[in-house]
Amino acid sequence: MMNIVIVEDEPLVQQRTLRLTLEILSTKQPKIICFSNLDDAEVYLAENSIDLLLLDLNLMGRNGFELLKNNVAAAYHTIVISAYADKAIEAFEYGVLDFVAKPYTRERLAKALERLLESAKRSYYGCRYLSIKKVGAIELVAIADISYIQAEGHYSLIHLNNEVDSTALHAKNIEKIMQLLPANFLRVHRSYIVNMNLVKKLVIEEGSRYSIQLTTAQEIPIGRTKYQAVKQYLALQTL
Amino acid sequence: MLIRFVILAFIFVTLVNTSPSFAFDENRQHAPVVRDANKFTDIRIRLISPADKKIQCHQLTIQDKNWQKINFEDLPQNKHFCIRAWANIDTAKLSSNPSLLIGMLGASSFYWDNVLISENGEVGASKNTEIPGVITTLVRIPEQGLTNGLHLLSGEISTFHVGKELDSIGYVFTIVNEQSLYSSILLLSVLSAFLIGISFILAIIFQLIYWLYQKEVSYQIFSLFCFTSALILSVEQAKFWLEYTYDWHAFRLFLIYLLTFIASLLLPFFYLFSEKSPKKRIVSFVILLSLVVLSFVTLSYDETSSLLFFGSLVSALIINLYAVIYTNKDKVNVFIISLSLVFLYLIPDYFIEFGFSIVFIFVVMTMLIALIKEMQSNKLKALKAQRIKTELLRRNMQPHFLMNCLTQLVELIEVKPTKAVEFIAVLSDEFRQLTVQSDKKQVALSDEIKLCNNHLTIMSFRYLQAYQLIIEGDVSEILIPSSILHSQIENCFTHNEISSARAFKLIVDKRDGRISLILKTPIESRVNRQGTGLGEKYIKAKLAEVDQVNKQTSKLQISTFSSYEENKYWVSKYSFDELSA
């Protein structure tokens, strides 16, 4: 079963989002809860685990982006539904799965929800930052600084290519994070995503086991089924 | 004073023509030793008393060695006297058109080797019998009188019309080249005429700017300063087109002195009123007082004029220094005024002829720079006002407002088409009213309320509520700056979630020509401070605009005040003098 939260202050628009989401996801029989303000929604989110947040966000001020950072740091995906279409790219950079501009059609909402269902599908734009919840604050990590990501149960351990803070734990699982990352990140193993920009060489070990050596000296194993994809990617890069 | 002008011209000529030399003529024993060629270096006078029956001035044989030797500048005032001066003529060094140039206050008749060559006015033994002559005399020396050797220039002079003692009444007494004298006078007067022309034109331009463009005090002061300056220079130049007799000289000096006083007052006033200086009245009074004090210092008219202008520049400098220190203005004015002061200090003597013109150019440049900068900022203000006008329309046609309404419409069309039609009607009403209002600076309060109600209807549609605006007081015949209440109400929605149980309130009060409006908008918490963002900026700009427009005709003050009341209302107060249609 799928848990979805809708935050929308205008009743008719809330009704529309609810109606269309129920129609589109009818086979999944989603459980949808609606809130007309973010304060109430946040109380709920703190105590319940959900799969998707459909958020109407007034992105006019910096404040809007603070709220956004908060939500994209969470384990669930966030889809923003807003009239501020000009802020879409910025929102993507913080890691929203999709941005639906108002007024929207049933088709557009369906497309956004599809993205959630097919974890292979990536976001329109790769995000530029990952929001990470730290004690008391949300911190932004630049995607370019990530060397590789390791699955850690329901969480993901992010390894950074800088001296100060070498690892950070993200609340999203490795599948969900993969959906947000730009094309230079490759799932090389069931438990690993690698920033291909940092690959030094491909290492072939005994027993036809493969691994990737990064410029930062770490070695990441390559899954048997992923080897072809990695080779292909590197071949395209060297062209 | 103009004589000095002639002296300048003369200096000009002599710079080209002088060459000192030695020459002796031993044949005339009674004549003094005259070393310089073609110059009067030895001038002697003898006073004539009314008792003298026969006046002996001109015979070559008269013994004049015991006569009083003087400098030409020190001619006796209010007296009747003989003057004799020997010149050693060296024809080789004489210019082609040698003429005698005499500049002095008095009636005179002059003889060259005992031959009458010029009569200026009528010499008299008293003020009654004297007929005043003009100031400058230029006479061609007879050719037969110009032989190498000593020659005598003698004259009879009376100066009874001088009246009040002056510094000097003798200005120039020399042999010049007539042609080059005229060409240098021409050159100098062309320069003067040029300056006079510029000043008059500037005066006219800034009168036009004042009356037709913007009634700024500083424009008017600048125009008057230019006008006064043009008058000073014109009176100075009057000599060339008014051959007045010397008894008018003192009057002319007084006139120039008076005009200089006015100009000296206007100059610091200009800076005072173009800056946003505090205590204008006191400073103006201090400047006036110090100039009056300066004008009582007993000096010649010329020196007093110079002193006055000096004082004026010092005041202007202080005002500009103050502006630089306290308002962070650029230092160009201070620099140029200081330069003028140094210049004036170095050559105070030829102030009116020379100094004034140059200082005038400096000062006018700084004034023009200040004025152009001011016009620039006024233009920016006007552009801003224009922007406000479009802002109002844009704010409501902003994509997000429109898009949110359209989202609503999409849903209504799909589920409740009849409601959609109603919604389109109120939406288009709002846009129509806003289009009309955005063209106006002020609107009837009743129209504004209509707009507010319409907006509340739209919001009621959007939030499925029944918002209300309750009016207290008489709204008829009141004008308000357009759309301020509307913006305030609109603002309220962008920052709040409002339940319909809580109405909006407008309390209108009109007393003694002053209008007070109190708008209470519901607010859920102190945290959701209302009135941040575009809305408030718009309202402030709008009020400032109306304020500025009305400043021209009346003293209008708009005050706004916003606060948060305990019972969860955001209270905005506006009070302003009644606006005229």
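In the predicted model, the side chain of B:Ser99 makes a polar contact with the side chain of B:Glu178 at 2.9 Å; a polar contact is a pair of N or O atoms within 3.5 Å, where within protein one must be able to donate a hydrogen and the other to accept it, and residues adjacent in sequence count only if both atoms are side-chain atoms. B:Ser99 is placed in strand E4 (residues 98-104) of chain B; helices (H or I, at least four residues) and strands (E, at least two) are DSSP runs numbered from the N terminus. With a relative accessibility of 0%, B:Ser99 counts as buried, where buried means under 20% relative accessible area, exposed over 50% and partly exposed in between (1.4 Å probe, protein chains only). Beyond its neighbours within four places in sequence, B:Ser99 is in contact (heavy atoms within 4.5 Å) with B:Leu138, B:Val139, B:Arg140, B:Ile141, B:Thr174, B:Ile175, B:Val176 and B:Glu178.

Because the model is predicted, local features need pLDDT of at least 70 and side-chain atom pairs count only at pLDDT 80 or more, whereas totals for chains, interfaces and linings use all residues. Residues are numbered from 1 along each chain as its sequence is written, chains are lettered from A and ligands numbered from 1 in the order in which they are written, and side-chain values use heavy atoms, with hydrogens and water left out.

The largest nonpolar core comprises 49 residues, and those with the most contacts inside it are B:Phe222, B:Phe225, B:Leu267 and B:Tyr271. A nonpolar core is a set of buried Ala, Val, Leu, Ile, Met, Phe, Trp, Tyr and Cys residues joined through side-chain atoms within 4.5 Å. Two or more residues are given to this core by each of helices H2 (178-213), H3 (217-241), H4 (249-274), H5 (280-296), H6 (301-327), H7 (332-346) and H8 (351-397) of chain B. Of these, H4(B) gives the most, with 13 residues. Apart from its neighbours within four places in sequence, B:Phe225 is in contact with B:Ala263, B:Leu266, B:Leu267, B:Phe360, B:Val363, B:Val364 and B:Met367. A second, separate core of 38 residues includes B:Phe423, B:Phe461, B:Phe504 and B:Val508.

One disulfide, defined as a pair of cysteine sulfur atoms within 2.5 Å, is counted over all chains. This disulfide is formed by B:Cys57 and B:Cys82, with the sulfur atoms 1.4 Å apart. The torsion about the S-S bond is about -40 degrees, so the disulfide is left-handed. The pair links distant parts of the chain, 25 residues apart: B:Cys57 lies in the loop between strand E1 (40-47) and strand E2 (68-70) of chain B, and B:Cys82 in strand E3 (residues 80-89) of chain B. Both cysteines are buried. B:Cys226 is also buried, at a relative accessible area of 0%, as is B:Cys452, at 1%.

Chain A has seven helices and 15 strands, and buried residues make up 50% of its 239 residues. In helix H2 (residues 38-47) of chain A, the buried residues are A:Leu38, A:Ala41, A:Tyr44 and A:Leu45. Seen down the axis of H2(A), these residues fall within an arc of 120 degrees, so they line one face of the helix; the arc is that of the directions from the helix axis to the C-beta atoms. On the other side of H2(A), A:Asp39, A:Val43, A:Ala46 and A:Glu47 are exposed. The N-terminal end of H2(A) is capped by A:Asn37, a side-chain oxygen of which lies 3.1 Å from the backbone nitrogen of A:Asp39.

Chain A averages a pLDDT (the predictor's confidence in each residue, from 0 to 100) of 85, and 94% of the residues score at least 70.
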